Amino acid sequence: MTTKLQFVVEQSARQLQLGVDASVQWTRLLEELPVQERDYLSRAADEQFEEQMKYLTGPREGERDAAIQRHLHGILVLTAPQRNGQTVAKTPVHHSLRHLLQAFANIFRGCYAGLLQYGGQGSGVRAGVSVDRVTCALPLVAADVTQFAAILAQVVMFKYPFVQPGEMQRKVVQKSVLAALFDALQPALHGLYVASFQREDALVEDVAELCRTNALEYFEVKPVFRLDGSWQQQDRLADGNERRLLTLRHYNAAIYHMSNLASERSPITKLERVALVCEEVDRAVKAYYKLQPVDSRPSPKELNITTEDLCALLSFILVSAPSSCLHVFTQLALLGSFISPSNANGREGFALAACTTAVQHLMQLR
């Protein structure tokens with residue numbers, strides 16, 4: 001089942017290595033970008049941002065990241081937030097970077113939105129061919145979005161030279177730009193991945209529904225990591241459902257983060273949440289045995305969570321978070337296609353690989 005997922009991720013990385021072709025339509029958007037804002041409110045926003053950054057030095061230097069995020073969100077987010085049909089924020093300023101982002105979004109929809117009519121439509125051989133067509137377009141989609149996000153981040157750094165060129169500020173800019181870009185490209189961007197992986201997503205959802213109430217033994221979780229007293233071979237909790245509820249209580253933080261994975265749009269934020277899930281698993285195990293009597297604790301070697309142990313636990317946590325089971329393969333494809341090389345070699349990359357293996361483990365348990 002993961003063949004298609006592997007194809008999309010590998011081809012996305014390969015397509016990205018080819019670089020930006022000058023004939024690509026959206027590259028022309030950069031030709032008429034003004035050096036100084038023509039709109040009064042836009043100039044005022046930039047001047048206020050520059051003035052604010054001057055004072056965020058010394059003890060207040062830690063506030064620079066939040067200030068950068070707020071400003072970029074204010075000038076890049078294309079729609080003002082609404083509640084009950086009424087705008088609850090100020091009218092968006094007509095910033096040149098906003099228009100640049102909107103122009104790219106229009107080109108993106110013009111190029112790829114037409115593919116959405118193929119995914120899942122028709123029947124028989126026609127349906128399979130149509131889904132394959134969408135799948136083959138995903139590496140091009142990922143390359144266009146990633147390359148434009150990188151260029152837009154460079155434009156932001158050039159436009160605001162007072163933003164420190166350090167690695168931390170650069171990551172903040174990239175994160176803010178990618179978040180605004182993913183917000184602007186919905187629902188077309190996410191819809192393409194959903195259309196491609198709808199069959200795989202439906203199968204995982206069905207499997208998760210069938211095994212949601214199964215005991216921890218079904219997921220091949222070792223007794224030491226079930227956190228229900230089974231490691232000490234206690235019989236006072238003979239009821240399997242009671243044991244399962246105990247496990248859910250101890251891993252509730254990890255389940256919470258997994259449940260909220262689908263609510264995030266930016267792949268960077270999604271990856272951070274996936275990494276938090278893995279960290280919460282480790283924290284829950286250590287916190288549980290820290291409260292146990294010293295003579296009842298496992299040895300440090302036994303408490304070492306291997307990759308296999310983590311994948312078994314993640315399969316249980318995934319099933320215990322129903323909202324995360326709706327589009328599992330879609331989420332994995334998005335994260336694998338848009339993960340940066342630095343994140344791929346860090347905690348986020350490890351967490352993503354563990355989640356992918358956990359899904360494979362879950363499907364093999366059938």
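User: Is Cys-325 buried or exposed in this structure?
Analyst: The model is a predicted one. Buried residues have under 20% relative accessible area. Cys-325 has 1% relative accessibility, so this cysteine counts as buried.

User: How many disulfides does the structure hold?
Analyst: A disulfide needs two cysteine sulfur atoms within 2.5 Å. For Cys-325, the closest cysteine sulfur is in Cys-211 at 8.1 Å, which is too far for a bond. Cys-355 is in no disulfide either, with the sulfur of Cys-278, the nearest one, 5.2 Å away. Over the structure, the number of disulfides is zero.

User: Which helix includes Cys-355 among its buried residues?
Analyst: Cys-355 has 10% relative accessibility and therefore counts as buried. The helix that runs over residues 347-364 is helix 15. Cys-355 is listed among the buried residues there, together with others including Ala-354 and Thr-356, so the helix asked for is helix 15.

User: How many helices and strands does the protein have?
Analyst: The protein has 366 residues, and 47% of them count as buried. Its secondary structure comprises 15 helices and two strands.

User: Among contacts between residues at least 6 apart in sequence, what percentage join residues at least 24 apart?
Analyst: Contact here means heavy atoms within 4.5 Å. Taking the contacts in the protein between residues at least 6 apart in sequence, the share that joins residues at least 24 apart is 76%.

User: What percentage of the accessible surface belongs to carbon and sulfur atoms?
Analyst: The accessible surface of the protein comes to about 18800 Å². Of this area, the part that belongs to carbon and sulfur atoms is 53%.

User: Which residue has a side chain joined to that of Gln-169 by a polar contact?
Analyst: Gln-169 lies in helix 6, which covers residues 167-184. At 7% relative accessibility, Gln-169 counts as buried. Leaving aside neighbours within four places in sequence, Gln-169 is in contact with Arg-64, Asp-65, Ile-68, Val-163 and Gln-164. The polar contact between side chains has a length of 3.2 Å, and the partner of Gln-169 in it is Asp-65.

User: What distance does helix 6 reach from its first C-alpha to its last?
Analyst: Helix 6 has 18 residues, and its buried ones include Gln-169, Val-172, Val-173 and Ser-176. At 1.5 Å a residue, the expected span is 26 Å. The reach in the model is close to that value, at 26 Å.

User: Where is Glu-220, which has a positive phi although it is not a glycine?
Analyst: Phi of Glu-220 is about 65°. With a relative accessible area of 52%, Glu-220 is exposed, because the cut-off for exposed is over 50%. Its place is the loop between helix 8 (198-211) and helix 9 (240-250).

User: Is Leu-227 buried or exposed?
Analyst: Leu-227 is in the loop between helix 8 and helix 9. Its phi is positive, near 55°, in a residue other than glycine. The relative accessible area of Leu-227 is 1%, so Leu-227 is buried.

Note on methods
Residues are numbered from 1 along each chain as its sequence is written. This is a predicted model: local features need pLDDT of at least 70, side-chain atom pairs count only at pLDDT 80 or more; totals for chains, interfaces and linings use all residues. Side-chain values use heavy atoms; hydrogens and water are left out. Buried means under 20% relative accessible area, exposed over 50%, partly exposed in between (1.4 Å probe, protein chains only). Helices (H or I, at least four residues) and strands (E, at least two) are DSSP runs, numbered from the N terminus. Accessible areas come from the Shrake-Rupley method with a 1.4 Å probe; for residues, only the protein chains shown count as cover. A polar contact is a pair of N or O atoms within 3.5 Å; within protein, one must be able to donate a hydrogen and the other to accept it, and residues adjacent in sequence count only if both atoms are side-chain atoms. The expected span of a helix is 1.5 Å times one less than its number of residues.
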